[in-house]
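This report looks at one strand and its neighbours, and then at some pairs of charged side chains. Please keep the sequence and the structure in view while reading.

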Amino acid sequence: MNAALDALDRQHMALALRLAERGLYTTQPNPRVGCVIAQGADVVGSGWHRRAGGLHAEVFALREAAGRARGATAYVTLEPCAHHGRTPPCADALIAAGVVRVVAAIEDPFPQVSGEGFARLRAAGIAVETGLLRDAAFEINRGFFSRIQRGRPWLRLKLAQSLDGRTALHNGVSQWITGAAARADVQRWRARSSAILTAAGTACADNPRLSVRLDDAADFAPPLRIVLDARLDALAPGCHLLDGTLPTLVVHGDTVPPPPAQAGIEYLAQPLQQGRIDLPPLLQELGRRGIAELQVEAGPGLGGALFAAGLVDELLLYIAPLLLGDAALPLLQLPTLSDMAGRWPLRVVEQRQLGDDWRLLLRQASAV
């Protein structure tokens, strides 16, 4: 490939990815997608998918380009759709606009699209190239790919700890381990999530709202609140999670009858495993409900159970420069290891300082 053309392609695709990120808080359960229409070095149209049910990125870009789309190249971060959903096929729109080349970062895993969008474009005589900045395009839509390919959400476990690996005092008090900058950062991770999950024990101890509070005017779709209460006996009447202000899903054992209907509250019966909610079937159910990114904010019991079961895809770990002592609660409750061969190696994906605290994004060393 011509080096100058390759550099230009990367420049336009990088812009398309930045556009896709503008839908980070608003598109679920749909993927975040950006599109750039270019005539050589000149960008004649651009757009991004803004909200589920709304116009797709390609349509916004084509509208801006108008007649200048004819003979142009379209750069799109995800394969153009080829089916009639809530909007018409984007592949057909690109064909009708007269683009001669489509550069896509990654194939859409959705069964009604997967490869069909590319096939339709090629059948119309349009040159199609794929794989440019693929890893970046996959990263921005890990939740979408997880939901489609694995049938369950991408699970992010958020934790905050002291330097000695403690998350709360022996009496359960944990407010606040980290400083204001770290707590504000958590809000942005919440905003990009489809749902936030906790356990009834944490809800009773901390009485969280699990809402999103951003310090700017950024638009976001409020994530679903999910709380696990196997016997429906832990959530107190004054619990914020039962206030009906945000959509909330209370998950309980299938042997326990749900209470009368409440505004804003849905009760979901799930099978139990040793008296606790069976987690793998629950994640599959959440995937069927369109949950793509699931953020878990819970204590060491639920966090450890998810981690030991291999259900945690990444750890969002905040570390504060303070000590809480041996009697304080641990980070995770995990099985006792008899030798080092059983340890859980993690890979640091990202690290950042936030005020006096540090944020680490970690994944298991074997994960892609």
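## Strand β8 and its neighbours

In this predicted model, strand β8 runs parallel to strand β9 (residues 224–228), and five bridges join the two. Within this pairing, L197 stands opposite I226 in β9.

## How β8 is enclosed

Is β8 buried or exposed? Five of the five residues in β8 (residues 195–199) are buried, so the strand is largely enclosed by the rest of the structure.

## Salt bridges

The whole structure holds 24 salt bridges. One of them joins R156 and E293 at 3.1 Å, N to O, and this pair links distant parts of the chain, with R156 in strand β6 (residues 154–161) and E293 in strand β14, 137 residues apart. Both R156 and E293 are buried.

Another joins R359 to D185, with the closest N and O atoms 2.9 Å apart; here R359 lies in strand β18 (residues 357–364) and D185 in helix α7 (residues 180–191), 174 residues apart. R359 is buried, with a relative accessible area of 3%, and D185 also counts as buried, at 12% relative accessibility.

A network of salt bridges links R32, E139, R142, R156, R192, E293, E314 and R363.

How values were computed. Residues are numbered from 1 along each chain as its sequence is written. This is a predicted model: local features need pLDDT of at least 70, side-chain atom pairs count only at pLDDT 80 or more; totals for chains, interfaces and linings use all residues. Side-chain values use heavy atoms; hydrogens and water are left out. Buried means under 20% relative accessible area, exposed over 50%, partly exposed in between (1.4 Å probe, protein chains only). Helices (H or I, at least four residues) and strands (E, at least two) are DSSP runs, numbered from the N terminus. Two strands pair if DSSP finds at least two bridges between them. A salt bridge is a side-chain nitrogen of Lys or Arg within 4 Å of a carboxyl oxygen of Asp or Glu.
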